[in-house]
Amino acid sequence: MIDVRVELARNAFRLDVAFAGDGGVTALFGPSGCGKTTVIRLVAGLERPDRGRIVLGDRVLVDTERGVFVPPHRRRIGLVFQDAQLFPHLRVATNLAYGRFFTRPADRAVSRDAVVQVLGIDHLLGRFPATLSGGEKQRVAIGRALLMSPDLLLMDEPLASLDEERKREILPFVERLRDEFAIPILYVSHAVEEVVRLASTVVRLDAGHVAAIGGAAEVLAPTTLAHAGDRFGAVSVLSGKVAALDPAHGVSTIAHAAGSIVVPRLMASVGMTVRVVVHATDVALGRLPDGATSVRTTLAGRIAAITSDVDGPFALVALDLAGGERLYAYLTRLAVDAMQLAVGQSVTALVKAVSIDERGVAGVPRA
Amino acid sequence: MIDVRVELARNAFRLDVAFAGDGGVTALFGPSGCGKTTVIRLVAGLERPDRGRIVLGDRVLVDTERGVFVPPHRRRIGLVFQDAQLFPHLRVATNLAYGRFFTRPADRAVSRDAVVQVLGIDHLLGRFPATLSGGEKQRVAIGRALLMSPDLLLMDEPLASLDEERKREILPFVERLRDEFAIPILYVSHAVEEVVRLASTVVRLDAGHVAAIGGAAEVLAPTTLAHAGDRFGAVSVLSGKVAALDPAHGVSTIAHAAGSIVVPRLMASVGMTVRVVVHATDVALGRLPDGATSVRTTLAGRIAAITSDVDGPFALVALDLAGGERLYAYLTRLAVDAMQLAVGQSVTALVKAVSIDERGVAGVPRA
Amino acid sequence: MFSPEEWTAIGLSLKVGTIATLGALPLAVAVAWLLARGRFPGKALIDGLVHLPLVLPPVVTGYALLILFGRRGVFGAALAEHFGIVFSFRWTGAALAAGVMGFPLMVRAIRLSFEAIDDRIEQAAATLGAPPLWVFATVSLPLAARGIVAGAVLAFAKALGEFGATITFVSNIPGQTQTIPAAIYSYTQTPGGDLGALKLSLVAAAIAFAALILSELSVRRAGRDGGRR
Amino acid sequence: MFSPEEWTAIGLSLKVGTIATLGALPLAVAVAWLLARGRFPGKALIDGLVHLPLVLPPVVTGYALLILFGRRGVFGAALAEHFGIVFSFRWTGAALAAGVMGFPLMVRAIRLSFEAIDDRIEQAAATLGAPPLWVFATVSLPLAARGIVAGAVLAFAKALGEFGATITFVSNIPGQTQTIPAAIYSYTQTPGGDLGALKLSLVAAAIAFAALILSELSVRRAGRDGGRR
Amino acid sequence: VPTAPVAAETAGPTVFAAASMKTALDEIDALYTKATGKSVTVSYAASSALAKQIEQGAPADLFVSADIPWMDYVAAKGLIRPETRVDLLGNALVLIAPLSQPETLTLAPGAPLAAKIGDGKLATGDIASVPVGKYAKAALEKLGLWAEVQPKIAGTDNVRAALSLVARGEARYGIVYATDAKSEPKVTVVGTFPTDSHPPIVYPVAITKDSTSPDAAAYLAFLKGPEAAKIFVDQGFTILKP
Ligand SMILES: Nc1ncnc2c1ncn2[C@@H]1O[C@H](COP(=O)(O)OP(=O)(O)OP(=O)(O)O)[C@@H](O)[C@H]1O
Ligand SMILES: Nc1ncnc2c1ncn2[C@@H]1O[C@H](COP(=O)(O)OP(=O)(O)OP(=O)(O)O)[C@@H](O)[C@H]1O
Ligand code: MOO
Ligand SMILES: [Mg+2]
Ligand SMILES: [Mg+2]
């Protein structure tokens, strides 16, 4: 859907990236200063690449070779800036309405009331931006970009300045944009949960280059992330079909070849295919009878690899689950030694249902 | 150390807060728009309260009754703004040096080289702020405030725009400021981990009022947070003495009356008292022999209370641990039913060592 | 208090100042925008030309206007023939002179305000689908309100004081081109005219003062946003 | 190409313009700051006073200067007696006149730039321990560089063109007070003097143009920061 | 004080007159209006400006110049009706001083003018361009005083500015027209320059080529008439007999 291949030099900084996003969310991920905002600005048309081509659907937005450069206002690409950039002379309501003006009524897919309500900004409508708090500004900026019902939405760390609760309210809304309105999104975030939940494609940038690209499962899998030292960002992505809903307990059971996964959420319908994100730090291994603990989700697998930090306390255990998916578990080296774990052993993986973040469970996005 | 009692009205918004912070880190916590930045600005002297008193150590900074108002530049209070606010006409190096000028050499506790190195900004020193990325700007702003070696440091969501790895590098440095240089800090953050790790006092604001105040353990305990719907933010704080170091495995064992806690970190010394933050979502309950799972930390306790969501999937189980501390566990209601858990039962709590965030383990700060 | 002729001069000055200011404003905004944001060869030249009425003695500007826009002038003749616009020895000419003399002041003030706008706000408008002219009208222009108002006040004040170029271009005809400063000049040429000159000077000052206060109020209204970006 | 007298006038204009601009600058900066940030009773009055030289016909300003700073003037007598500063019939008087006439233009430009500064940047400096004057010198002033340079250019250009107030205040003494515009005036009063007037006008324009280019360069240097806040 | 035309009056001629004529012409015009019911519109400015305006098609019916060269200028361009041109008035050139400094000096060759000026100034019109300055220069040259007085001259853009410099005591002496000296009570006449020491001071008047007003000739006649003459004389002008 979006195909980016650009080069840009800015003094010492050199950007040279190529990636393609599908119709869903493409996440740009990487350390501070790696070039995420620059990519976003290139796609929006606020920056011209030295060389390259950007294609959105069947529209060529930029092609330096053929001298094509569609100006920002003809791209129909919404942008949520890292720092809100509201119009200081317009009230919040007018800020929100600004883009609607240029949206043909037929394209006005996003309803103002829904946006205002989800973002919790109805009490701010009559105010000027200078009187808003940091998070309030950012929410208005999100609303402003959404309301133009763009063909592509660019979001540069949109939730960074919001509290957890607010994030948890806004995320499903972003999902709805992706799914119901089929608006593709290019999403910059440092938060693994957000990235995993939303993104079908993750692009990891490093110093202006693409370090890794692929599905969330691959790019954020521990082996690739281990060197980054962030074990909390390491996840496995399992997929399965919704097997049963338990409205009484508010949970769903996902059938997986290696066992069943209980997630704290009522899925839309039985039979639907879903992805579940499991943090490697949330997986314990055991050899024990079912029902001995409060842990509902037990998955059978075989140890495929054990990677130990040489001097750190951790070991990463990769399990091949029945059915072929791979599940990662972070343990202490102490535990690996105490349990005498070794490659080839059969073990049970335990995953607490409560540790599965709803943010990390999603219907498989249309690719 | 810092004592704040202020009232301020701004149209519909009314701020009325009173709290005192000790010599360590006092965290301001609360949803977007609740008044955190306003409190910070009041303390910095950038805003005048309608009524109130602000005392730092033995210095009265504001006393509306006696007409005292110490101007910002005489407060020696460093401020990291929510949006960096660098001097656009000065290079990064000059931005950093700006405050040093007004710091008596004797007070220059913080070394420039250490700051530059920890913040990873040495390659930026010759640049102008307009050429920095969002995260780079924020790091320079942090450095600028640190280098004035302030009597009090105000930080308004300083790490929000940084990637995880960078946060993990900067946090220990903030701790050092707190501990080695004994600089008290007023810290605004939405990140529970940061708050728990750093703060000895947590002030939770809601719509301009103090909703809760106390130690991290109390304020962030699940019962108080449950209504906020954020189970990932619910933590227990356990304290114990370092009993053993296992350099071979890179872990330490903390002796607790209810058992031993294994944390993935080598503590400074045996015998030291430490706090361990345990997320309620990371606690599983069981009745099983030691060693059956990879989980190293098992704590004995008795169920004190079970609170169920009426319609949600979760149940919160409060355990009284031997020794008197309270440990919270979030389970699914399904698990509570399946295990037939009931108040009064003795159970074993299991906590994976890898799930204990180093950010959540800290020497008890000097109060 | 004032003779009929003085009242006429006061009324004329108001008219001339207002028309000159309003008439020059759109062009000044356009030129200021070009100078603030444009990058084109000859920009320095335009900048220089804009400053010319400031640099040249007013008499010279007046002569230049006379030669260009007089009845026999290059533009004057064409304008009169094709559009029926006649400047020479009419109040319209006085307005033209005042507009030209105030133009550099207007452009500078407006340009400074344009330059102070963070262009990322304009970029935000563009990403929302607004074409450049719309961005200009709905974002750049209102954000430059302070400079536009300041420029207008400067030009209006200058129009109240402008004398040299006006009297040289359109002479000093009571009821037609005799504005307050021209009337003051007449007084200074008259024995014992000092009091009359002082009186009219005070009138000019009072009018300018009123314009100033009005402008401050209008900017303050526009600044309900807390006044900053 | 130029007569010795013309060379003298050109040199004098340069001197007068430079001194007038540099001399008025500090006061203009201070007043602009007061008007941009101050809140005090009588602010509107000061604002009005600043605009006065713009509003009054130059002849009146010149006459007022004569009354105030002439040898027998209120201030003139005191200054001459206590400090030995004499304005009347000296180039210093021409500089004073030019400075006064350019003052409102300077103040406006500088004030606009001060007003455009986000005061949170100044607050940041204050929290770093910088006392107000230091903040002003190291933050506000450099951030207003564009306006200060623009104001200086306007005032300098105005000084090059100023004629009415100067000749009324210090008359037209070759080598002392005969600046370019006074020389041009002489030409225009002589039948057939048009060519001479044109020649000197071009000189004035060229000088202003050079000043303009210099100023643009200096602002561009100060704008290495990418040009925005 | 000038009076504006009242409704009953009909529009009469438009006169472009040198600014120094204002006091006299305003009075005469009032009389003319009273006598004929026709209003007179007068534009007072520098003769140079008026001449060039006429050249550019100004709607002037009559031109009253403060000196001969500017009338010659318009005449050479065929902008006036030569047969109507007449030297209307004459004036005398006087040396003045502030009232506080009453004295007399005979303006003859060898007069100690430079010594009397001392380190002060002698104010007059700009010697290169303003008529009174040009006359002053000629007179001083004729009297042989020019070389020593020249460095002390302060030129102004019009004669009234010179007058006020003397009246305010800024300049120690001034050279102005007799009419100006007469109008300013704060100055005293120190001496009068001999008539032959400078070119004749003449105020020529003529009807313009493009004049459309039927009253132009009548007005010119009125200017030359006895009522006008009385006012001119009161102001200190001399009436030149053609
Ligand atoms: N002039 C004003 N009029 C009305 N309300 C105002 C005004 N200025 C600020 N507020 C309100 O004050 C409240 C507190 O703002 P503050 O910036 O302190 O919030 P915050 O807790 O820092 O939020 P965030 O986490 O989003 O940065 C906000 O709800 C804001 O809307
Ligand atoms: N003019 C310039 N000269 C040199 N380097 C520049 C210039 N402008 C930007 N850069 C560099 O380009 C890099 C990419 O910036 P960008 O804003 O895209 O980073 P980012 O990935 O969005 O970072 P963050 O997460 O901190 O916002 C940064 O390292 C920045 O320092
Ligand atoms: O530029 Mo002037 O000296 O105000 O007419
Ligand atoms: Mg960025
Ligand atoms: Mg805030």
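Ligand 2 is surrounded by 19 residues, and the closest are A:Thr37, A:Thr38, B:Arg127, B:Ser133 and B:Gly135. A residue counts as near a molecule if one of its heavy atoms lies within 4 Å of it. The model is predicted: local features need pLDDT of at least 70, side-chain atom pairs count only at pLDDT 80 or more, and totals for chains, interfaces and linings use all residues. Residues are numbered from 1 along each chain as its sequence is written, chains are lettered from A and ligands numbered from 1 in the order written, and side-chain values use heavy atoms, without hydrogens and water.

Which chains share the site? Residues from chains A and B surround ligand 2, so the site is shared between chains.

Now look at polar contacts (pairs of N or O atoms within 3.5 Å). An oxygen atom of ligand 2 is 2.8 Å from a side-chain N or O atom of A:Ser32. A polar side-chain atom of A:Glu157 lies 3.3 Å from an oxygen atom of the ligand. Taken alone, ligand 2 exposes 650 Å², and the protein buries 92% of that. Those areas come from the Shrake-Rupley method with a 1.4 Å probe.

Turn to the magnesium ion, ligand 5. Its protein donors are B:Thr37 (OG1) and B:Gln82 (OE1), lying 1.9 to 2.4 Å from it. Donors are N, O and S atoms within 2.8 Å of the metal (3.2 Å for Na, K and Ca); water is not among the atoms, so sites may look incomplete.

Technical notes
A polar contact is a pair of N or O atoms within 3.5 Å; within protein, one must be able to donate a hydrogen and the other to accept it, and residues adjacent in sequence count only if both atoms are side-chain atoms.
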